[in-house]
Amino acid sequence: MLEVSGLSKDDEHFMRLALAYARKAAERGEVPVGAVIIDGEGRLVAADHNRPIELCDPSAHAEILVIRKAAQRLGNYRLEGCILYTTLEPCVMCFGAMIHARIKCLVYGAPDPRAGAFHVGLDLTTRGFFNHYMEVREGVLGTEAAEILRGFFLERRRAR
């Protein structure tokens, strides 16, 4: 697992908060992914976890939910200057929403080699057809994020 060296206190703090939300998702039987958004001043704007089962909504990924909440709280669908922390590499749907929301920076924990927007061979950050680009930092508390996911799926397999 790639871990970021020289982790900032803010990155660690906000990723730990996202991890707490991931644990809440697991407790509710949802895939344990948590996400938070902070504004340009470092203030928490939104936090949530995966809830597609609870909301009967396949788009209710943690990243989508925090983008919706942040847009409502800030009164603008453009979230310029905001940083989104998520425990798992975002899927293509979530990455697209981040581009449209104009997220300044994405920080994620564990990679998702099956469905992650960067590891599925697309690496959408390098494509020339977007009118917005965001900084991406990976591997922040990635080992811990991956362990939460592994434990969740192991428990589900055992329950079968």
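## Cysteines

The sulfur of C94 lies 3.7 Å from the closest cysteine sulfur, which belongs to C91, and this is too far for a bond. This is a predicted model. A disulfide is a covalent bond between the sulfur atoms of two cysteines. To count as one here, the two sulfur atoms must be within 2.5 Å. By this rule the structure has zero disulfides.

C56 has a relative accessible area of 70% and is exposed.

## The annotated residue E63

The UniProt annotation "active site", from an unreviewed entry, covers E63. The annotation may be inferred rather than shown by experiment. E63 is part of helix α3 and is buried, with a relative accessible area of 4%.

Leaving aside residues up to four places away in sequence, E63 touches V33, A35, L84, T86, L88, P90, C94 and M98.

## The largest nonpolar core

The largest nonpolar core has 45 residues, and the members touching the most other members are M15, I37, L79, L84, Y85, M98 and I103. Two or more core residues come from each of these elements: α1 (9-27), β1 (34-38), β2 (44-49), α3 (62-74), β3 (83-88), α4 (92-101), β4 (105-110) and α5 (142-159). Helix α3 gives the largest share, six residues.

With residues up to four places away in sequence not counted, L84 touches A35, V36, I37, E63, V66, I67, M98, I103, C105, L106 and V107. Among them is E63, the residue under the "active site" annotation.

Note on methods: Residues are numbered from 1 along each chain as its sequence is written. This is a predicted model: local features need pLDDT of at least 70, side-chain atom pairs count only at pLDDT 80 or more; totals for chains, interfaces and linings use all residues. Side-chain values use heavy atoms; hydrogens and water are left out. A nonpolar core is a set of buried Ala, Val, Leu, Ile, Met, Phe, Trp, Tyr and Cys residues joined through side-chain atoms within 4.5 Å. Buried means under 20% relative accessible area, exposed over 50%, partly exposed in between (1.4 Å probe, protein chains only). Helices (H or I, at least four residues) and strands (E, at least two) are DSSP runs, numbered from the N terminus. Contact means heavy atoms within 4.5 Å.
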